[in-house]
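Me: I have a structure open and want to go through how the pieces pack. Can we start with the terms and then do the details?

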Amino acid sequence: MKHVLMELPFEQSALAPYISAETLLYHYGKHHAGYVNKLNSLIVGSEYEEKSLEHIVKYSDGAIYNNAAQIYNHDFYWKGLKNGSTSPSVELLGLVERDFGSIKTFEETFLAAAAGFFGSGWVWLIITNQGKLEIKLTSNADTPIRHGDTPLLTCDVWEHAYYIDYRNGRVDYLSNWWKLINWNFVSANLSHFMNDPIAGYNQPCNDLNSLCEYVDFMQNNERTPS
């Protein structure tokens, strides 16, 4: 099985001014593509030659694992970005408020963990098998699916993710990365974990009026077993 570089879900300039087309040229076009090419060369003649990417990530080691995991992590990172307004689903927001107190507290906690991460790696929002949201840090190519957790969101804190645009200013990169989060993708990941297609699309109705009360009632009614 030959692994291929994923197509970006946006144009190469779509994340500007927060992440430039030049960064995409190198981060996606060189680093990410390099992991794909390297993995394809490494698995020839091995037990992983016909295995899926997730299988390789879960069961391989050494150079094969490092390159496969970096492909998986980068695929996940790009899918989690969008230059446009999105918001968490009702279900995701509810879990964030339950486990972190508020979306603002979650943002502050996540970005502080990412800013303080020593070295290269990834910062994740994961959901455990018990249904609890947690922030996890993985070094180098490590990834939550290796440890039985389900990732919902990730931020790349390798320097190649931001050095062209921000030099060593990781905090500035993180602040702007937050503005690009594709909450539709994050919510859909939660929906898949819950095996509940509605959970990825319900949006909060925040106005205090009779229409919002009706929308909230109908959404709750849809989720109540008959």
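Reply: Terms first, then. An axis here is a line fitted to C-alpha atoms, for helices over the stretch in contact, and angles run from 0 to 180 degrees between N-to-C directions. The model is predicted.

Me: OK. At what angle do H4 and H5 pack, and how far apart are their axes?

Reply: Helix H4 (residues 90–100) and helix H5 (residues 103–115) pack at about 70°, and their axes are 8 Å apart. Angles of 65 to 115 degrees count as roughly perpendicular, so H4 and H5 are roughly perpendicular to each other.

Me: Left-handed or right-handed crossing?

Reply: The crossing of H4 and H5 is left-handed.

Me: Which residues make the contact?

Reply: From H4, Leu93, Val96 and Phe100; from H5, Ile103, Thr105 and Phe106. By class, that contact of H4 with H5 has five nonpolar residues, one polar and no charged.

Me: How do H4 and H8 cross?

Reply: The axes of H4 and H8 come within 9 Å and cross at roughly 85°. That makes H4 roughly perpendicular to H8. On the H4 side the contact uses Glu91, Leu92 and Leu95, and on the H8 side Trp183, Val186, Ser187 and Leu190. By class, the contact of H4 with H8 has five nonpolar, one polar and one charged residues.

Me: Stepping back, how many helices and strands does the protein have?

Reply: Nine helices and three strands. From the N terminus the elements run α-α-α-α-α-β-β-β-α-α-α-α.

Me: What is the strand order in the sheet?

Reply: E2-E1-E3, in an open sheet with antiparallel pairing. Strand E2 (133–139) and strand E3 (150–156) are at the edges with a single partner strand each, so one side of each has no neighbour in the sheet. On average, neighbouring strands of this sheet are turned by 25° against each other, direction ignored.

Me: How many bridges are there between E1 and E2?

Reply: Seven, with strand E1 (residues 121–127) and E2 paired in the antiparallel sense. Glycine 121 has serine 139 of E2 as its bridge partner, tryptophan 124 has lysine 136, and isoleucine 127 has leucine 133.

Me: And what sits between those two strands?

Reply: E1 and E2 form a hairpin with five residues between them, and glycine 131 in the turn has a positive phi of about 85°.

Me: Is E1 buried or exposed?

Reply: E1 is mostly covered, with seven of its seven residues buried. In a regular strand the side chains alternate between the two faces of the sheet. For E1, Gly121, Val123, Leu125 and Ile127 lie on one side, Trp122, Trp124 and Ile126 on the other, and all of them are buried.

Me: Which strands does H4 lie across?

Reply: H4 lies across E1, E2 and E3, running at about 80° to E2. Helix H8 (residues 183–194) also packs on the sheet, where H8 touches E1 and E3, and its direction makes about 155° with that of E3.

Me: Burial overall: what share of the protein?

Reply: Buried residues make up 47% of the 226 residues. As for contacts between residues at least 6 apart in sequence, 68% join residues at least 24 apart.

Me: What about phi at arginine 167?

Reply: Arginine 167 has a positive phi of about 55° although it is not a glycine. Arginine 167 is in the loop between helix H6 (163–166) and helix H7 (170–178), and is partly exposed, with a relative accessible area of 47%.

Me: Where is asparagine 195?

Reply: Asparagine 195 is in the loop between H8 and helix H9 (210–222). Phi of asparagine 195 is also positive, near 55°. With a relative accessible area of 69%, asparagine 195 is exposed; the cut-off for exposed is over 50%.

Terms used
Residues are numbered from 1 along each chain as its sequence is written. Side-chain values use heavy atoms; hydrogens and water are left out. Two strands pair if DSSP finds at least two bridges between them. Helices (H or I, at least four residues) and strands (E, at least two) are DSSP runs, numbered from the N terminus. Contact means heavy atoms within 4.5 Å. Angles under 35 degrees count as roughly parallel, over 145 as roughly antiparallel, 65 to 115 as roughly perpendicular and the rest as oblique. A crossing is left-handed if the near helix is turned anticlockwise from the far one by less than a right angle, and right-handed if clockwise. Ala, Val, Leu, Ile, Met, Phe, Trp, Tyr, Cys and Pro count as nonpolar, Asp, Glu, Lys and Arg as charged, and the others, Gly among them, as polar. Buried means under 20% relative accessible area, exposed over 50%, partly exposed in between (1.4 Å probe, protein chains only).
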